[in-house]
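The following questions and answers concern a single protein model. Please examine the sequence and structure before reading on.

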Amino acid sequence: MKEVQALLFDLDNTLMDRDHTFRSFSRKFVQDFLGHMDPEEAERTVEDIIVRDADGYRDKDGFFAELSDVLPWRKKVTAADIRAYYDRTYITHGALMKHAVEILEYCRERGYTLGLVTNGKKDIQYGKIDLLKLRGYFKAIVISGEAGISKPDPEIYRLALERLGTKAEETLFIGDHPVNDIWGAAKAGMETIWLKRNHPWDEKLDAHPWKTIHELDELKSIL
């Protein structure tokens, strides 16, 4: 590997604490639509929604249709209404991952070129980025809904490298998902750092991270 010139980051559950964000959203959702529940039942419903969401990797239309079918409404809420509520309010619950700004400042001060690659809808992802005041750190931001390519397709990483102006062998990718982040970036020729969060490693994968970390500030001892 050549000397590192640039770093590419994932967004959800890497720089943004998606666990906290979705739990906060789910509690407000239950409060707004299922306010007839007592506190214990409401909290059980929040936990059920979190499980059904599968860390955000469910198809959203199917997820919202399921919630419309299974939640104990007093007055039924349609999947379309849930989608509209989500699109309108989810980004307002965004929370930074611990040490996110600290590590971005650290990397910028040391002259690394920074970029972001994330799957999701353009408006939702830019809304998160701007709420968390992250946009100014990055030379390039690539969002699947805008680019028309999704992780783990190596082409989305190659697009990010082109916008950064760096080569794969001098760029590190940092993300939490074994396939969408680590495998995909490796297939585009990058070394990777796996931020171990909710997803277990799949031993069948034919690519492995260069390093594994549990908190973002561990990057300081690597870079």
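Q: In which helix do Arg108 and Glu105 lie, 3 residues apart?
A: Arg108 and Glu105 are separated by about one helical turn. An α-helix has 3.6 residues a turn, so residues three or four places apart point the same way. With helices taken as DSSP runs (H or I, at least four residues) numbered from the N terminus, the element that holds both is helix H5 (residues 100-109).

Q: How far apart are the closest N and O atoms of Arg108 and Glu105?
A: The model is predicted: local features need pLDDT of at least 70 and side-chain atom pairs pLDDT 80 or more, while totals for chains, interfaces and linings use all residues. Residues are numbered from 1 along each chain as its sequence is written, and side-chain values use heavy atoms, with hydrogens and water left out. Arg108 and Glu105 form a salt bridge (a side-chain nitrogen of Lys or Arg within 4 Å of a carboxyl oxygen of Asp or Glu), and the closest N and O atoms are 3.3 Å apart.

Q: What is the relative accessible area of Glu105?
A: Buried means under 20% relative accessible area, exposed over 50%, and partly exposed in between (1.4 Å probe, protein chains only). Arg108 is partly exposed at 40%. Glu105 is also partly exposed, and its relative accessible area is 26%.

Q: Which buried residues belong to helix H9?
A: Helix H9 spans residues 178-187. What covers its buried residues includes helix H8 (154-164), strand S4 (171-175) and strand S5 (191-195); strands are DSSP runs (E, at least two residues), and contact means heavy atoms within 4.5 Å. The buried residues are Pro178, Asn180, Asp181, Ile182, Gly184 and Ala185.
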